[in-house]
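Dear colleague,

Please find below the structure that I am handing over to you. A short account of the findings comes after it.

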Amino acid sequence: MGASVAELIAERIESMPAGERRAAQALVAHYPVVGLKTVAEFAQAAGVSSPTILRFVSRLGFQNYPEFQSALQDELAAQLQSPASRTYNPPSGAGGPASPMLEATLENLRETFRHISERQIAEIVDKLADRRGHMFLMGGRFTDPLARYMAAHLTIVRPNVHHLAGQESMWRDRLIDMGKRDVLLIFDIRRYQESLLRFSEKAHQRGVQIVLFTDQWLSPIARFARHVIAGRTAVPSAWDSSAALFVVAETLIGALTLRLETESAARIREMENLR
């Protein structure tokens, strides 16, 4: 699988001129719909000129605008796939059925981290290390275990970490306690959960900074996110894999623990004494 347009943007956005960066941000915020409009409509949405859009498309490696749109159309089709449409018959022969799954998972890990910059990891860790605010974590039907796992570790490292579980009405009740100093870490992969989108929009309106963990096709929550981590999830299975996002979560847990080394060590010792 080649790089998605979102991955190409993440890989190259730091070297883009201001106008092209605005085009990239407009596309990520309304992915992939804005890119399926005409050049003039895309330019208007991004607040740039049509030539800037064409330069942006060229910088991503496409020969022309129709080729760029064709790639987005393919991604949109993949984004809308259900598990029933992704049935897979493993090839017979040496290696067994686990081999294609293992190879795909390892490739997902390599590609995920190839498109995440050290600067982005550092900026996220900076925000998670700010203990003046609260941290909230949540996920969807299949991704909430990742949020719960990450919250369980971060609760040990720093105070004021909350995993939002249960029904949507319970999430909404927590919005009253959320504000500009707080951060929301949210996991959402295809087929994206509407309730998470609604909650993210409300949190964004309250000034909460959102870190989104999603797939290469980008959850619509990306339009509200300060940081977007796009992990590879496609594997030879009817089901998507969260393995790459799990490793990203563990990377952030480790980096934050190191960043708060003195404080976290003292906190861990005090926890042990309370047991």
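Predicted model: local features only at pLDDT ≥ 70, side-chain atom pairs only at ≥ 80, totals over all residues.

Residues are numbered from 1 along each chain as its sequence is written, and side-chain values use heavy atoms, with hydrogens and water left out.

The sheet

Five strands build an open sheet with parallel pairing, in the order 2-1-3-4-5. Here strands (E, at least two residues) and helices (H or I, at least four) are DSSP runs numbered from the N terminus, and two strands pair if DSSP finds at least two bridges between them. Strand 2 (161-163) and strand 5 are the edge strands, each pairing on one side only. On average, neighbouring strands of this sheet are turned by 15 degrees against each other, direction ignored. Strand 4 (residues 209-215) pairs with strand 5 in the parallel sense over five bridges, and Val211 stands opposite His227 in strand 5.

Two helices lie against these strands. Helix 11 (residues 243-259) packs on the sheet and touches strand 4 and strand 5, its direction making about 145 degrees with that of strand 4. Helix 7 lies across strand 1 (135-139), strand 3 (183-187), strand 4 and strand 5, and runs at about 125 degrees to strand 5. Contact means heavy atoms within 4.5 Å; axes are lines fitted to C-alpha atoms, for helices over the stretch in contact, and angles run from 0 to 180 degrees between N-to-C directions.

Helix 2 and helix 4

Helix 2 (residues 18-29) packs against helix 4 (residues 50-59) at an angle of about 80 degrees, and their axes are 9 Å apart. Helix 2 is therefore roughly perpendicular to helix 4, a term for angles of 65 to 115 degrees. From helix 2, Gly19, Glu20, Ala23, Ala24 and Leu27 meet Thr52, Ile53, Arg55, Phe56 and Arg59 of helix 4. The residues of this contact comprise five nonpolar, two polar and three charged. In this classification Ala, Val, Leu, Ile, Met, Phe, Trp, Tyr, Cys and Pro are nonpolar, Asp, Glu, Lys and Arg are charged, and the others, Gly among them, are polar.

Pocket and cavity

The largest pocket has a volume of about 720 Å³. Of its 24 lining residues, Ile13, Gln120, Arg226, His227 and Val228 are the closest to its centre. Helix 1 (5-12), helix 2, helix 7 (118-129) and strand 5 (227-231) each supply at least two residues of the lining. On a 1 Å grid over the protein atoms alone, a pocket is an open set of points with protein on both sides within 12 Å along at least five of seven lines, a cavity is a set where a 1.4 Å probe fits but cannot get out, and lining residues have an atom within 4 Å of a point. Grid points are joined across faces, edges and corners, and a volume is the space filled by probe spheres set on the points.

The largest cavity has a volume of about 30 Å³. Among the residues lining this cavity are Val28, Tyr31, Leu218 and Arg223.

Backbone details

Tyr31 and Pro32 are joined by a cis peptide bond, with omega about -5 degrees; Pro32 is in the loop between helix 2 and helix 3 (39-46). The peptide bond from Arg190 to Arg191 is also cis, with omega near -5 degrees.

Yours sincerely

Definitions and conventions: Parallel < 35°, antiparallel > 145°, perpendicular 65-115°, else oblique.
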